[in-house]
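Hi there,

Here is the structure I promised to pass on. Have a look at it first, and then read my notes below.

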Amino acid sequence: MNRAIVTQLLLFLFLTPVAATAQRNQNLDAFKHIEVLADDSFEGRRAGSKGGHAAAGYIVKHLSEFGLITAGEESYFQPFNKKYENCRNIIALLPGKHPRLQQEIVAIGAHYDHVGYGQGKNRGPIHNGADDNASGTATVIELARYFSKPRNRPDRSLMFCFWDSEEQGLIGSKYWIEKPTVELSRIVFKVNIDMIGRLDGETLEVQGHRSGTGIKAPLDAANTKLGIDIDYVFKMPANSDHWPFINKGIPGFMLHTGLHPEYHKPGDDSETIDVEGLEQVGRLARNFIAYLATTKTPPTFRQESLTEKPPTK
């Protein structure tokens, strides 16, 4: 056989899988973060623990590489001591490019803590919290990476928030609302990403959408090519870090793929993550944030959302 033809065949056989693998790995960046953050070496990321601090260091390393501005009290960090000592929120800012809209901020957050070695009857084994909430943390890291690229720079500013001590009662996000490191009046919306690793062909819950005007239409538009089955949950329980913002009059919602048998148990490990579903929800969040960052009329707060009753059947 002609040597040139043989060479071309060998290149095809060996380079095609490599190219495919490179593309696949690019799509799995969020899952790579989960594999790190949900490793036993982080000891379940309990708030204020050595493992929690190691997770914070991992997050900050990436934010620094992306060139994001420090927006905590001590560099990226906002230290606090409630329930546990040595807790730290992580806050980073990406300034918008529009001369006027850059004064407004879209906040994007996830809690990075988990429950360490567990409590009660589950006390003992490490609880790695791959879904809760390494999945949300990993996605926010990748959103920060995406929007920090010059070609994706938003008009409005974006604030990336990683909350500590959520598991003890939203302590980190409540603390930030009490002692904000940027002016609260600048924040127009809060996107909270908490447990999005178990889509598995089921529905994605959007909790808190009633807190703002005109949220469903642009979120549905962001979902057009993804085809995720979205459940717009009527109830607005104070169950995650979007709530302190809503309670302060700032519209927002949580993306959530639901509870499961491994919730707050040692079995919440990285091998249980629906990687394709994680990617889909991440793209939905990215599309909607791009809308929030450019629209002339962002959602406004609906005070009635705090008291209105579900429609009668």
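To start you off: is tyrosine 58 buried or exposed? Tyrosine 58 is buried, with a relative accessible area of 17% (buried means under 20%, exposed over 50% and partly exposed in between, using a 1.4 Å probe and protein chains only).

Before the rest, a bit of housekeeping. This is a predicted model, so local features need pLDDT of at least 70 and side-chain atom pairs count only at pLDDT 80 or more, while totals for chains, interfaces and linings use all residues. Residues are numbered from 1 along each chain as its sequence is written, and side-chain values use heavy atoms, leaving out hydrogens and water.

Back to tyrosine 58, which sits in helix H3. (Helices are DSSP runs of H or I with at least four residues, numbered from the N terminus.) Not counting residues up to four places away in sequence, tyrosine 58 touches His33, Val36, Leu37 and Ile141; contact here means heavy atoms within 4.5 Å. Tyrosine 58 and alanine 71 are 13 residues apart in sequence, and C-alpha to C-alpha they are 17 Å apart in space.

Now for how the helices pack. H2 and helix H3 (residues 50-65) meet at an angle of about 150°, and their axes are 10 Å apart. (Axes are lines fitted to C-alpha atoms, for helices over the stretch in contact, and angles run from 0 to 180 degrees between N-to-C directions.) That angle makes H2 roughly antiparallel to H3; the cut-offs are under 35 degrees for roughly parallel, over 145 for roughly antiparallel, 65 to 115 for roughly perpendicular, and oblique for the rest. His33, Val36 and Leu37 of H2 make the contact with Ala55, Tyr58 and His62 of H3. Those residues divide into four nonpolar, two polar and no charged. (Ala, Val, Leu, Ile, Met, Phe, Trp, Tyr, Cys and Pro count as nonpolar, Asp, Glu, Lys and Arg as charged, and the others, Gly among them, as polar.)

H2 also has a contact with H4. The axes of helix H2 (residues 29-37) and H4 come within 8 Å and cross at roughly 135°, which makes H2 oblique to H4. On the H2 side, the contact residues are Asp29, Ala30, His33, Ile34 and Leu37. On the H4 side, they include Ala134, Ala138, Ile141 and Arg145. Sorted by type, the residues of this contact come out as seven nonpolar, three polar and three charged.

Then there's H4 against H8. The axes of helix H4 (residues 130-148) and helix H8 (residues 275-294) come within 10 Å, crossing at roughly 45°, so H4 is oblique to H8. Ser135, Thr139, Leu143, Tyr146 and Phe147 of H4 take part, and among their partners on H8 are Leu278, Gly282 and Arg286.

One last thing: how many disulfides did the count give? It came to zero disulfides, where a disulfide is a pair of cysteine sulfur atoms within 2.5 Å. For cysteine 87, the nearest cysteine sulfur is that of cysteine 161, 17 Å away. Cysteine 87 is buried, with a relative accessible area of 1%, and cysteine 161 is buried too, at 0%.

Notes:
Helix = DSSP H or I, 4+ residues; strand = E, 2+ residues; numbered from the N terminus.
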